[in-house]
Amino acid sequence: ERALIADAYESKVGELIYGEVKKQTKDGFIIDLGDNAEAYLAREEMIAKEILRPKQRVNAILYSVNREGRGAQLLLSRAKPEMLIALMKKEIPEISEEIIEIKAAARQPGVRAKIAVKTNDHRIDPVGACIGMRGTRIQAVQSELNGERIDVVVWSDDAAQYIASALEPADVSGIVIDEEERTADIIFAASDQLARAIGSQGQNVRLASELTGYKLNMMLEEEYHARQQNEAQQYLDMFVTRLDIEEDLAMALVEMGFTSVEEVAYVPAETFEEIELDAETVELLQGRAKEVALADALQQQENIQEPSPELAVMEGMTQEIAYALAARGVVTVDDLADQATDDIED
């Protein structure tokens with residue numbers, strides 16, 4: 001019987017399910033779906049301050065089918081972003097017809113949500129279509145989610161544009177993105193815009209970060225310029241000390257965007273033409289930078305510890321993981337046993 005129900009509902013994972021509240025348990029509700037099928041809606045998967053009563057009809061997203069012999073078999077949620085996506089598809093024909101595409105969603109259930117949409121037909125405004133005439137379409141979704149405020153954001157493959165849209169209604173002055181680290185510095189001209197971007201209890205920036213997949217660092221222009229000057233001074237001091245060069249030349253390297261000795265050592269010689277260095281000076285500068293970079297590499301190699309044989313042959317261990325652990329000082333099996341999960345999670 002369990003297998004038959006699992007077979008019937010497995011293809012419906014991610015879809016909106018309609019059922020009737022059968023009874024309340026200690027940690028949630030049993031939802032009757034008809035045809036001898038029952039689902040479980042845990043309290044943590046409900047919208048905040050939501051009250052359900054027996055016989056009440058309820059919509060929820062089916063997010064998992066449990067084929068194990070114990071526990072609830074069909075698991076429902078009203079709190080996951082997929083619930084918002086499913087309701088948007090139900091209320092907005094352009095989404096179900098794939099004229100408008102949902103790219104991402106983030107929620108604080110029952111309070112606020114952000115959903116990113118993209119149009120596949122340039123004649124259709126994706127935000128206007130989702131909101132509807134006088135807000136009728138989005139209001140239908142909001143009422144189903146206990147009045148959750150929904151911000152519809154235009155998705156863009158330009159990360160800076162996408163982040164700026166996600167932070168609306170705040171006006172962003174500038175964005176500096178680090179694609180590798182997936183972080184972005186968001187710069188604001190005025191403190192009121194910064195406060196608006198952060199939102200009540202950090203709600204707006206948290207949802208924008210979740211929606212875009214970037215860690216967002218919010219700051220005023222003065223703070224950003226002060227940080228830039230501080231970083232520039234650190235690079236300047238480093239070049240003067242490590243390359244034994246004049247401050248003017250070090251400043252020129254910083255202004256060109258160099259941040260490490262390795263960059264100076266291995267860029268093409270023509271790169272230095274913009275600061276009008278002669279070929280002999282460039283050769284001398286790069287030769288000195290290569291010596292420093294090589295010394296650093298040798299020093300680093302000497303400091304790398306070898307993993308113990310017992311650690312290297314542990315079940316499930318790979319050479320890559322063993323050396324990564326050894327670089328953190330985890331050399332033996334006993335060292336590994338002493339680590340908390342958080343210490344080695346990365």
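A salt bridge here is a side-chain nitrogen of Lys or Arg within 4 Å of a carboxyl oxygen of Asp or Glu. Keep in mind that you're looking at a predicted model.

**Exercise 1.** Work out how K103 and E101 are paired.

*Solution.* Step one: find the closest N and O atoms of K103 and E101, which are 3.5 Å apart. Step two: compare with the cut-off, within 4 Å. So K103 and E101 form a salt bridge. Step three: check the surroundings. K103 is partly exposed at 35% relative accessible area, and E101 is partly exposed too, at 31%.

**Exercise 2.** Decide whether E50 and R78 are buried or exposed, and say where they sit.

*Solution.* Start with the pair itself: the two side chains meet in a salt bridge, 2.7 Å from N to O. E50 sits in the loop between β3 and β4, while R78 is in the loop between β5 and α2, 28 residues apart, so the pair links distant parts of the chain. Now the cut-off: buried means under 20% relative accessible area. E50 has 10%, so it's buried. R78 has 2%, so that one is buried as well.

**Exercise 3.** Find out which strands the K114–D151 salt bridge links.

*Solution.* First, the N to O distance for K114 and D151 is 3.1 Å. K114 is buried at 0%, and D151 is buried at 12%. Finally, follow the shared partners: salt bridges join R112, K114, R149 and D151 into one network.

Definitions and conventions: Residues are numbered from 1 along each chain as its sequence is written. This is a predicted model: local features need pLDDT of at least 70, side-chain atom pairs count only at pLDDT 80 or more; totals for chains, interfaces and linings use all residues. Side-chain values use heavy atoms; hydrogens and water are left out. Helices (H or I, at least four residues) and strands (E, at least two) are DSSP runs, numbered from the N terminus. Buried means under 20% relative accessible area, exposed over 50%, partly exposed in between (1.4 Å probe, protein chains only).
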